[in-house]
Amino acid sequence: MKTGIFFGSTMGTTEALAKQIAQKLNVPSADIYNVAEVSADQVMDYDLLLFGSSTWGAGDLQDDWYGFVDQLKNKDLTGKRVAFFGCGDSASYPDTFCDALSVLYDDLSGTGCVFVGAYVPEDYTVTDSAVCRDGKFIGLAVDDVNESDKTEDRIDAWIANL
């Protein structure tokens, strides 16, 4: 199964997270993309798509995602597996912690893709933002601001669900 990692990053945190995930999954750097620099057509080359975004404002996507996801949500992604990862600040913004992932989830729900990577959040201080649905996080939610010591274990647990 060929894996492509697509991220939007303003401060570099989500990009660093994308690279950590790639290293753990043995995804070559040629298969890691900044959504600001690539067309959504690129996703068609992959079976497993990992989409990463930080959360801004009141639960918004990172800015570079908007044009990319507008193109993406009009594609037929039938047969593609899609997983999400993202960064947020659970202490300062608990009500919108990693909500960008839910924006991506909702935008892609009509594309025919299969969502993977949901997990029951354990050892999180926040579980009631939109990233949590039916008792599970819809993707990897990382708080590198307040809980950086938990990031690697969270990545490993999420990867086990893929």
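Predicted model: local features only at pLDDT ≥ 70, side-chain atom pairs only at ≥ 80, totals over all residues.
Residues are numbered from 1 along each chain as its sequence is written, and side-chain values use heavy atoms, with hydrogens and water left out.

**Pockets**

I looked up the second largest pocket and found it lined by Tyr-119, Val-120, Pro-121, Glu-122, Asp-123, Tyr-124, Lys-150, Asp-153, Arg-154, Ala-157, Trp-158 and Asn-161. Its lining has 6 nonpolar, 1 polar and 5 charged residues, where Ala, Val, Leu, Ile, Met, Phe, Trp, Tyr, Cys and Pro count as nonpolar, Asp, Glu, Lys and Arg as charged, and the others, Gly among them, as polar.

I then turned to the largest pocket, which is lined by 19 residues, with Thr-55, Trp-56, Cys-87, Gly-88 and Asp-89 nearest its centre. That lining divides into 7 nonpolar, 10 polar and 2 charged residues.

**Helix 4**

Next I checked helix 4 (residues 151-161), where Thr-151, Arg-154, Ile-155, Trp-158 and Ile-159 are buried; buried means under 20% relative accessible area, exposed over 50% and partly exposed in between, with a 1.4 Å probe and protein chains only. Helices (H or I, at least four residues) and strands (E, at least two) are DSSP runs numbered from the N terminus.

Seen down the axis of helix 4, these buried residues fall within an arc of 135°, so they line one face; the arc is that of the directions from the helix axis to the C-beta atoms. On the other side of helix 4, I found Asp-153 and Ala-160 exposed. The buried residues are covered by elements including helix 1 (13-25), strand 3, strand 4 and strand 8 (140-142), contact being heavy atoms within 4.5 Å.

In helix 2 (residues 65-72), I found Trp-65, Phe-68, Val-69 and Leu-72 buried. Down the axis of helix 2 the buried residues fall within an arc of 95°, so they line one face of the helix. They pack against strand 1 (3-8), strand 3 (48-54) and helix 3 (100-108).

Of its 51 residues, Phe-6, Phe-51 and Phe-85 touch the most other members. The largest share of this core, 5 residues, comes from strand 4 (residues 81-87).

**Two loop residues**

I noted that Asp-123 has a positive phi of about 65° although it is not a glycine. Asp-123 sits in the loop between strand 5 (114-115) and strand 6 (132-133), and is exposed, with a relative accessible area of 55%.

Asp-134, also not a glycine, has a positive phi of about 55°. I placed Asp-134 in the loop between strand 6 and strand 7 (136-137), where Asp-134 counts as exposed at 83% relative accessibility.

Definitions and conventions
Core = buried A, V, L, I, M, F, W, Y, C linked by side-chain atoms within 4.5 Å. 1 Å grid on protein atoms, 1.4 Å probe; cavity = no way out; pocket = protein on both sides within 12 Å on 5 of 7 lines; lining within 4 Å.
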